[in-house]
Amino acid sequence: MHVGLPEADVLRLLPWQVRERRFRSAPLGRRGFDPQEVREFLERVAVELAAAHEALAQSRREASEVKLALCRLRSEAAHARNERGWGR
């Protein structure tokens, strides 16, 4: 995680942004990159970025489920303590 950045700002680059990115041609008389190679690489980066975003989303879903289960467990434990207390 990046220190000092809000969580929403950490993953600002999205897969579609990589896929849609276009580069200018090299100025006349200068050599540039092979456009096909650049497109293939950007697609590979976009696929990896999409996988990272999905893994992060899955982790967040799992963390939410764990938090919910913990809340339920705490609630049940508190209810059980209260039931024992009322029976005295």
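Q: Which helix holds Arg 19?
A: In this predicted model, helices are DSSP runs of H or I with at least four residues, and strands are E runs of at least two, numbered from the N terminus. Residues are numbered from 1 along each chain as its sequence is written, and side-chain values use heavy atoms, with hydrogens and water left out. Local features need pLDDT of at least 70, side-chain atom pairs count only at pLDDT 80 or more, and totals for chains, interfaces and linings use all residues. The run of residues 15–20 that contains Arg 19 is helix H2.

Q: Why does Arg 19 count as partly exposed?
A: Buried means under 20% relative accessible area and exposed over 50%, with partly exposed in between, for a 1.4 Å probe and protein chains only. Arg 19 counts as partly exposed because its relative accessibility is 34%.

Q: How far apart in space are Arg 19 and Arg 44?
A: In sequence, Arg 19 and Arg 44 are 25 residues apart. In space, from C-alpha to C-alpha, the distance between Arg 19 and Arg 44 is 9.2 Å.

Q: Which residue lies over the face of Phe 23?
A: A charge sits over a ring if NZ of Lys or CZ of Arg is within 6 Å of the ring centre and within 35 degrees of the ring normal. At 4.6 Å from the ring centre of Phe 23, the residue over its face is Arg 21.

Q: What share of the residues of the protein counts as buried?
A: The protein has 88 residues. The share of them that counts as buried is 7%.
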